[in-house]
Amino acid sequence: MDTYFKNQLRGYDVVLATLGAFSEDICRNCIGLSGAQTKVIKGLKKVRMDLEKSSIPEMEKEKTLNHVESSLKAAEGLKLAEEVSCQKTAAQCKIGPGCFPLGALELMKQITEPTILPEKEVTKMAKLICEVCSAEEAVPVVH
Amino acid sequence: MLKVSPVPNYPAETGCFLRGNDYSPVAVVVLLNAPYGTLPPEVQSIPPEIEKLVRVAIETGAALSGTLQTENIGIEKIICNVVGNPNIRYLVLCGEEVNGHNTGTALKALIKEGINDKRTIVGSQAKTPYLFNIPLDAIKRFREQTTLVDLTREMNPEIIAKAVWSCYQENPTPFQGFTLCDPGAFAETGLSCCLTWRVKHPEEIESWEIDKEFMMKIEEPLGKAGGETMKGNEQILSLTKRLLKVTEELAAIARLCIEGLERPEEVLEEKRLEEEKPKPTLPVREEPLTEEELYFANQLRGYRGVLAAFKALDRDICHDGCSLPAAVISASKRLKNVKASLDKSSLPEKKKEKLRRELDEFEGALQGLPQDTSQPCQKSVGNCTIGSGCFANASLDLLKLVTEPALPSIV
């Protein structure tokens, strides 16, 4: 459980640093950066919500919550123009079809483990059966 | 007359339409006036007169012919399918306007006025004319590629057939005030795109954002407490308590308003100070003029992001791993190539010097990052538990987002 939060925050640290660098450029006027900022803020709020509900030790929880809060502050502090629009449409961004802020946000997809989803009943049963049979093979992944 | 093949995944979006001759210059859109929310479950029972219009169009030689109901996803699907086939140059719009959606006016407004920066169709009378799920390029292309033949309210199959026929004539053919003929395929290749998300309301609150306990309190019937039915005075008492709470909350809001009004000078001062705070301004950059200059400017933009990501990773467990050093070395090599290309370029010496300075700064920053690849992979020592992905490699891949312009051949 603890690993889940640590990994999420590691990811958001990199994303925020990258977005911060892009905000120094034409992305500051871009709806792409504004959208990425909204996504990061929402994602961090979700992490905070999951963390508050989690059963990790209080001290660890508080430390992680502080990290979430400072990341939220950094996300909210990203430099953005008052009015934003797609810089490709405005003919300012000419890097091709790619988008730097959205690309930075994609870094979060590197995190695939662990999931916070509750363990499925079928997986629990499979584990129990393996235990009873003393099977040495790994429990098959249940999708 | 030039005709081209549609994109391989044409038609990219599924829907209630028929596919005819791919080389035909016309697509037919029949407005489907069905009650809001009744489709697609009732898509099997579309009125026979509408089905007849769709069939007649295809039998007469249209490339695509189908029904349209919604002013957002429906129009987006049409755009995806039309821009995938550059041969389609006319859009015949017929049928009765869709009550509640005003989809016909939305499609007409889109072709005439386009969308604004909030991706809303300008001048549309529809309720939710938002095109959030397709690239802006596709919308632009759709408007450039097609001409609207507006036959709204027309339900006569013979007239629709005549419209389709007129569109593929080699010589200009008059039809109801239009002069129609097949101009051949659009000058540019087809765009392959499909709906990314199905967003109708981007600011919509996601389910996880709603406090479940709060919702339960709202949903709890007035006559129940803790799942048990209350009787007589109990019910009145509970209701009164809740009313008292609402009153207290309203009083708190009122007090805040009064405070604001009673000391307007302080409020104004706060506002003034807020306004005086320096607003972020974009550093002024000289706009690159030539393709060559743009190439280097775009590369620098990419490196700026990559470097920031590397620095953030260096503060984390990646500092002791082997992937970050490997990515740093790779970035350094690429940067050297960019520098070599800059040296060979035909840019004026002054501009070259400026770009070289920036590249040197990046190189210096990269040199300050770890480069020892003999360190153990942080996955193998059990420190990195994110799964099979790798932040360092993915950060380096940000450079791949820069695809235009190509490295000038002179370099």
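1. In this predicted model, the side chain of B:R141 reaches the backbone oxygen of B:T189 at a distance of 2.8 Å. B:R141 belongs to helix 4 of chain B and, with a relative accessibility of 6%, counts as buried. Apart from neighbours within four places in sequence, the residues in contact with B:R141 are B:V83, B:F186, B:E188, B:T189, B:G190 and B:L191.

2. B:N133 is placed in the loop between helix 3 (103-113) and helix 4 (136-145) of chain B. The relative accessibility of B:N133 is 1%, so this residue counts as buried. Its side chain is joined to that of B:E76 by a polar contact of 2.9 Å.

3. Chain B has a mean pLDDT of 83, with 81% of its residues at 70 or more. Over residues 199-206 of chain B, however, pLDDT stays under 50. For this segment the model has 13 contacts beyond four places in sequence, and these should be read together with the pLDDT of under 50. For the complex, the predictor gives an ipTM of 0.81 and a pTM of 0.50.

4. The overall make-up of chain B is as follows. The chain holds 12 helices and 9 strands. Of its 411 residues, 44% count as buried. Among contacts in chain B with a separation of 6 or more, 75% are between residues 24 or more positions apart.

5. One example of a pairing between separated parts of the sequence involves B:I329, which is found in helix 10 (residues 323-344) of chain B. The C-alpha atoms of B:I329 and B:L369 are separated by 9.4 Å, while the two residues are 40 residues apart along the chain. With neighbours within four places in sequence set aside, B:I329 is in contact with B:Q371 and B:T373. The relative accessible area of B:I329 is 27%, and the residue is therefore classed as partly exposed.

6. On the chain A side, A:R10, A:K42 and A:Q110 supply 19% of the area that chain A buries against chain B, more than any other three residues.

7. A search of the whole structure finds 0 disulfides over all chains. A:C99 is in no disulfide, and the nearest cysteine sulfur, that of A:C30, is 5.4 Å away. A:C99 has a relative accessibility of 19% and therefore counts as buried, the limit being under 20%. B:C377, at 26% relative accessibility, counts as partly exposed.

8. The aromatic rings give a count of 5 pairs over all chains. In one of them, A:Y4 and A:F5 have ring centres 5.1 Å apart and planes at 80 degrees, so the pair is edge-to-face; the angle is over the 60 degrees required for that class. Both members are buried: A:Y4 has a relative accessible area of 11%, and A:F5 has one of 0%. In chain B, B:Y295 and B:F296 also form an edge-to-face pair, with 5.1 Å from centre to centre and 80 degrees between the planes. B:Y295 is buried at a relative accessible area of 11%, and B:F296 counts as buried at 2% relative accessibility.

Key. Residues are numbered from 1 along each chain as its sequence is written. Chains are lettered from A and ligands numbered from 1 in the order in which they are written. Side-chain values use heavy atoms; hydrogens and water are left out. pLDDT is the predictor's confidence in each residue, from 0 to 100. Contact means heavy atoms within 4.5 Å. A disulfide is a pair of cysteine sulfur atoms within 2.5 Å. Buried means under 20% relative accessible area, exposed over 50%, partly exposed in between (1.4 Å probe, protein chains only). Rings of Phe, Tyr and Trp (its six-membered ring) pair if their centres lie within 6.5 Å; planes under 30 degrees apart count as stacked, over 60 as edge-to-face and the rest as tilted. Helices (H or I, at least four residues) and strands (E, at least two) are DSSP runs, numbered from the N terminus. A polar contact is a pair of N or O atoms within 3.5 Å; within protein, one must be able to donate a hydrogen and the other to accept it, and residues adjacent in sequence count only if both atoms are side-chain atoms. Buried area is the accessible area (1.4 Å probe) that two parts lose on being put together, summed over both.
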